[in-house]
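Here is a brisk report on one chain.

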Amino acid sequence: MAAPRLSFSGPRARVQYAFLMGLFRLAVTRPLYGRFARGLGRVFGPGTAVWLHEGGAPPFRIALDDGYWTRFALYRGPYEPEVARVLRAAARATPLFCDLGANKGYWTTRAASLFERVIAVEASQATFRDLQVNAGGLDNVTLHRAAIHARPGEVLSFVNTHQSHASARLQSGAPARLQDWVEQVETLVIDDLVPAGTAALIKLDVEGAEIAAIDGATRALAEGAVLIYEDHGKDPASTVSAHLLNDPATRLFAIEDALVPMPDIATLRARKTDPFKGYNFLAARGTSRLLERIAQAFATAAPPG
């Protein structure tokens with residue numbers, strides 16, 4: 001695959017990008033980098049951005065004051081290569097990819113050229129506007145501003161964190177912090193998004209609402225859907241994975257050059273060595289034909305490099 005390339009919104013963006021990349025080489029902490037990126041954005045003014053061009057995917061716009069995407073997609077690349085492997089493996093095995101908790105649409109845009117149909121859902125109004133910029137013009141992509149949950153049609157409070165859009169979440173017991181802001185969002189359920197009889201590939205990243213979202217996917221999972229989900233390193237109990245394993249028909253896998261079975265929580269927990277990292281795992285019923293075809297594609301794929 002050809003190396004990614006960048007295009008810039010203008011000369012100021014090129015200079016700002018050079019400053020950001022220089023900061024990485026100082027090995028600063030993540031919170032300090034985020035503050036630096038936001039402060040540098042105020043110096044250079046609004047609107048400076050780069051577009052990330054990768055393979056045949058549509059360009060993905062990254063604002064240069066965005067401490068999350070500039071850190072992960074521009075410097076550390078490739079971004080979440082394990083997810084890219086699953087998308088490629090599933091591309092000819094299902095017509096539908098669902099990007100739930102789509103953020104600004106990185107995986108939505110990458111999936112658009114691989115699947116007949118893509119559904120992307122994002123709860124934050126501000127982040128949804130960026131998702132529309134990146135993916136709103138793609139003919140086979142449907143966008144929803146909503147929160148994925150266990151029951152449809154409810155109105156919930158959603159907290160946008162001032163430090164990072166990637167940490168936005170549904171409000172539960174913890175109150176919003178002083179600089180955060182709360183908005184209302186309606187809920188959707190996975191079983192209403194995935195047509196009956198379709199074994200969809202579903203990426204779920206909903207910042208703490210995963211269990212409620214999975215509870216709203218009973219039919220989809222029973223009909224063979226495959227779930228890419230996050231189990232965070234800061235959760236020693238592996239709560240989401242433990243919930244999935246409550247169903248004895250469900251199988252969990254780590255995503256490497258092959259799909260590695262995770263038969264129990266102890267095996268899975270041993271994979272999570274970094275408390276600051278979200279780990280992507282795969283889940284599906286053991287009888288899923290889509291899971292079987294993804295595993296076969298992994299087995300026949302050329303090794304990386």
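## A charge over a ring

The charged end of R110 sits over the ring of Y106, 4.6 Å from its centre. The criterion has two parts: NZ of Lys or CZ of Arg within 6 Å of the ring centre, and within 35 degrees of the ring normal.

This is a predicted model: local features need pLDDT of at least 70, side-chain atom pairs count only at pLDDT 80 or more, and totals for chains, interfaces and linings use all residues. Residues are numbered from 1 along each chain as its sequence is written, and side-chain values use heavy atoms, with hydrogens and water left out.

## Aromatic pairs

Y106 also belongs to a cluster: ring pairs link it with F60, Y68, W69, Y79 and W107. The structure holds 13 aromatic pairs. Rings of Phe, Tyr and Trp (its six-membered ring) pair if their centres lie within 6.5 Å; planes under 30 degrees apart count as stacked, over 60 as edge-to-face and the rest as tilted.

F60 and W69 have ring centres 5.1 Å apart and planes at 75°, so the pair is edge-to-face. Both F60 and W69 are buried. Buried means under 20% relative accessible area, exposed over 50%, partly exposed in between (1.4 Å probe, protein chains only). Y68 and Y79 also form an edge-to-face pair, at 6.4 Å centre to centre and 80° between the planes. Y68 lies in helix α3 (residues 67–75) and Y79 in the loop between α3 and α4 (81–90), so the pair ties together parts that are 11 residues apart in sequence. Both Y68 and Y79 are buried.

## Overall make-up

The chain has 12 helices and 15 strands. Helices (H or I, at least four residues) and strands (E, at least two) are DSSP runs, numbered from the N terminus. Buried residues make up 50% of the 305 residues. Among contacts with a separation of 6 or more, 66% join residues 24 or more positions apart. Contact means heavy atoms within 4.5 Å.

## The eight-stranded sheet

What is the strand order in the open sheet of 8 strands? The order is β6-β5-β4-β11-β12-β15-β13-β14, and the pairing is mixed. Two strands pair if DSSP finds at least two bridges between them. β6 (141–145) and β14 (259–261) stand at the edges with a single partner strand each, so one side of each lacks a neighbour in the sheet. Neighbouring strands are turned by 25° against each other on average, direction ignored. Axes are lines fitted to C-alpha atoms, for helices over the stretch in contact, and angles run from 0 to 180 degrees between N-to-C directions.

Strand β12 (residues 226–232) has 7 of its 7 residues buried. V226, I228, E230 and H232 cover one face, and L227, Y229 and D231 the other. β12 pairs in the parallel sense with strand β11 (residues 201–204) over 4 bridges, and K203 stands opposite I228. 6 bridges join β12 to the antiparallel strand β15 (residues 278–285). There, H232 stands opposite G278. β15 also pairs with strand β13 (residues 250–255), antiparallel over 5 bridges, with A254 opposite F281.

α4 packs on this sheet, touching β4 (96–100), β11, β12, β13 and β15. Its direction makes about 160° with that of β11. Helix α6 (residues 125–135) lies across β5 (117–122) and β6, at about 170° to β6.

## The three-stranded sheet

A further open sheet has 3 strands in the order β1-β2-β3, with antiparallel pairing. The edge strands are β1 (5–8) and β3 (60–63). Neighbouring strands here are turned by 30° against each other on average, direction ignored. β1 and strand β2 (residues 49–53) share 4 bridges. R5 has H53 as its bridge partner in β2.

## Nonpolar cores

Which residues touch the most other members of the largest nonpolar core? They are L87, L201, L282 and I294, in a core of 54 residues. A nonpolar core is a set of buried Ala, Val, Leu, Ile, Met, Phe, Trp, Tyr and Cys residues joined through side-chain atoms within 4.5 Å. Leaving aside neighbours within four places in sequence, I294 is in contact with V86, A89, A90, L201, V226 and L259. A second, separate core of 32 residues includes I119, I202, A225 and L227.

## Strand β10

V185 is found in strand β10 (residues 181–188). At 2% relative accessibility, V185 counts as buried. Beyond four places in sequence, T187 is in contact with A147, H149, R151, P152, G153, E154 and L156. The C-alpha atoms of V185 and E154 are separated by 8.2 Å, at 31 residues apart along the chain.
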